[in-house]
Amino acid sequence: MGSCGTWAWQELLVLLSSLWLWVGSAQPTPPGPTHAPGPQLKFRLAGYPRKHNEGRVEVFYNDEWGTICDDDFTLANAHVLCRHLGFVAATGWAHSAKYGKGVGRIWLDNVNCAGGEKSIGDCKHRGWGNSDCSHEEDAGVICKDERIPGFKDSNVIETEQSHVEEVRLRPVVSGARRQLPVTEGIVEVRYKDGWAQICDEGWDSQNSRVVCGMMGFPAEKKVNRNFYKQAKSQPKQKRREDIGSKKRLFSERQQLNYRLHSVSCTGTEVHLSMCTFEFYRGNASAACGAGMPAVVSCVPGPLFATGNAHKKKQRQQQQGQPRIRLKGGAKVGEGRVEVLKNSEWGTICDDRWNLLSASVVCRELGFGSAKEALTGARMGQGTGPIHMNEVQCLGTEKSLWSCPFKNITQEDCKHTEDAAIRCNIPYMGYENLIRLSGGRSRFEGRVEVAVGTGNGDQPRWGLVCGEGWGTLEAMVACRQLGLGFANHGLQETWYWDASNVTEMVLSGVKCAGHEMSLSHCQHHSASLNCKNTGTRFAAGVICSETASDLLLHAPLVQETAYIEDRPLHMLYCAAEENCLSSSARLANWPYGHRRLLRFSSQIHNNGRADFRPKAGRHSWVWHECHRHYHSMDIFTHYDILTPNGTKVAEGHKASFCLEDTECEEDVAKRYECANFGEQGITVGCWDLYRHDIDCQWIDITDVKPGNYILQVVINPNFEVAESDFTNNAMKCNCKYDGHRIWVHSCHIGDALSEEANKRFEQYPGQLNNQIS
């Protein structure tokens with residue numbers, strides 16, 4: 001290896017292989033003495049609208065078409081890709097899916113070419129299939145309209161589109177025009193500047209299943225084809241007579257323009273373009289003589305079901321706790337996949353994770369097929385066990401548990417390989433009912449909502465009262481806007497006073513944080529109830545594509561818990577910080593003591609953004625007694641509860657100092673409190689509060705012997721936005737006999753099944769001879 005002869009031989013092979021480039025594809029290098037042949041690469045331009053020499057770049061690798069992410073993309077990358085496509089050079093490139101979003105894999109990310117490489121595979125990149133992008137970041141190229149001499153190309157699409165891009169369901173039943181989601185209608189594909197139909201000759205339920213999956217629905221149902229056929233053939237006079245029927249078609253007749261025929265899907269495809277089909281060429285006016293436009297009817301999932309009977313049926317189908325869930329996603333239908341096994345939630349390793357398996361999960365959860373199968377903990381790292389590895393679904397399974405998979409061993413996977421998904425969800429139009437104004441970027445601004453849109457009238461835009469507006473409400477607003485997570489929820493927005501909208505139309509908004517629209521949150525009805533209706537007191541948001549995710553290391557609490565009787569003369573500073581129970585004020589200072597339950601807490605940031613205090617350094621509070629700044633008034637709550645949830649002791653901890661105590665391998669510390677440094681917790685790091693520092697305790701002086709629950713809640717007031725608040729609580733069982741305490745069964749609040757949690761809370765205490 002490394003000899004000049006071997007190097008020359010490899011160069012010769014690359015040169016020879018470039019002479020046999022086939023129709024926009026790079027053929028595999030012939031096997032040499034030390035290298036196995038690489039996978040075949042093909043390239044094509046896609047998207048619309050575009051010319052023949054520009055478009056979204058798609059690469060065929062490992063028997064699957066995929067796209068390239070625009071991160072770090074340069075003109076040098078475009079040069080290499082344009083030569084792959086048979087053009088002499090590139091004149092430009094496009095970012096942010098200018099030519100539309102692709103489907104399937106994102107094969108390459110952070111591509112860095114010098115410009116002279118023979119193949120895109122020779123450029124530096126993160127590795128095939130290793131990406132942290134979504135299809136909203138698909139890269140495109142604009143090539144110089146000059147062909148490489150002798151280069152044959154099947155990618156020239158000057159007159160016809162070679163594959164299907166956009167698909168829609170067009171409702172044709174009266175009353176369905178304004179009702180969302182659209183669950184039934186004619187299947188249409190984007191063609192040139194309009195839409196075209198598909199001939200339904202040979203159309204079957206597998207085709208319908210694929211279309212419904214694309215539209216965000218888990219299943220298809222049989223459609224009354226004769227109804228549509230009859231309506232199509234009825235004269236207008238007859239249709240007018242049919243005005244009393246429950247379903248009445250639009251009186252105007254749609255001019256049909258057939259584009260596809262002979263569609264044949266297996267039912268497991270995630271996009272219609274992956275099925276086999278044929279195009280009508282030239283004049284298609286006489287096409288589909290014996291058929292009619294393909295019509296599909298879909299079954300919505302529980303989140304999108306309309307009508308009481310439909311919702312009741314969906315609830316009956318979903319009785320019992322689901323064994324699969326999504327965590328850490330900003331939007332509905334996306335997140336890290338977690339499965340329930342042996343009453344404990346765990347993650348899935350991303351080895352061999354693909355769109356087929358991801359689609360099974362999406363449909364099982366009541367969404368459509370998968371848009372993306374994400375690897376490398378793209379939706380943040382989970383905790384606890386990794387339950388599955390090398391999941392290999394066929395795509396027809398009703399549940400992920402029906403798919404073949406391997407059980408995990410300790411060496412197989414880490415949480416850095418947690419699998420995640422993005423699912424197709426139905427179009428609901430929520431994003432059209434909210435907008436931001438006055439911000440410096442599209443991610444921030446004063447919130448404006450549309451009211452009075454129910455009757456098809458023009459919407460009236462108004463402001464949201466800022467009273468009570470916080471992080472949870474901002475999370476819903478950012479989700480509705482499609483802008484990811486909330487960074488801040490703001491109650492005053494005088495600095496964004498750039499809009500002519502001045503009327504307050506919504507008040508009393510109170511969200512749980514998981515809603516899809518602000519209209520789903522609690523709010524005052526028609527009458528406004530807002531003390532300050534001036535525009536400066538209108539609600540605002542700052543959104544972010546990523547968020548932090550804090551959780552406590554539960555085993556450490558269990559390992560370090562103990563009781564200390566601490567003399568009062570050593571607790572003056574703690575009393576000043578309100579770290580003792582209220583009865584301490586009545587004690588005979590400085591004589592006597594307080595009984596403290598002490599333990600260490602190690603708080604990890606497993607999210608995708610650093611955890612930063614809401615307040616800037618200018619407003620941090622200096623505490624002379626402990627000689628440090630507090631960046632958050634309350635960072636954690638410590639409580640002792642009875643088994644039925646009654647609080648018998650409590651403590652709270654201000655963020656004495658948020659910093660990176662330790663970090664995972666290859667992660668650098670960024671936050672340090674010394675010398676008035678920046679405070680926060682970096683992704684992949686943790687902040688350790690040792691059991692022997694002030695206020696790292698609960699004052700249990702007044703607690704009587706018995707069985708209790710120790711509960712620790714991080715970020716209890718939602719001061720700082722996180723991707724997931726459901727994992728912020730940790731619970732332990734406690735047995736206190738008046739002299740000693742036993743702490744055990746510590747776990748994150750949502751780590752166990754509902755049944756296991758019920759058993760935990762009814763725990764009667766240790767009924768053996770360990771306690772004398």
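First, a definition I need: buried means under 20% relative accessible area, exposed means over 50%, and partly exposed is in between (1.4 Å probe, protein chains only). By that rule Tyr 495 is partly exposed, at 38% relative accessible area.

A note on the source: this is a predicted model, where local features need pLDDT of at least 70 and side-chain atom pairs count only at pLDDT 80 or more, while totals for chains, interfaces and linings use all residues. Residues are numbered from 1 along each chain as its sequence is written, and side-chain values use heavy atoms, with hydrogens and water left out.

Next I looked up ring pairs. Rings of Phe, Tyr and Trp (its six-membered ring) pair if their centres lie within 6.5 Å; planes under 30 degrees apart count as stacked, over 60 as edge-to-face, the rest as tilted. My search of the whole structure gave 14 aromatic pairs. One of them is Tyr 61 with Trp 128: the centres are 4.0 Å apart and the planes at 10°, so I wrote down "stacked".

I also checked Tyr 61 for burial: it is buried, at 16%. Trp 128 is partly exposed, at 25%.

Then I went back to Tyr 495. It pairs edge-to-face with Trp 496, 5.1 Å centre to centre and 80° between the planes. Trp 496 is buried, at 6%.

Last, charges over rings: NZ of Lys or CZ of Arg must be within 6 Å of the ring centre and within 35 degrees of the ring normal. I found the charged end of Arg 323 over the ring of Trp 401, 4.3 Å from its centre.
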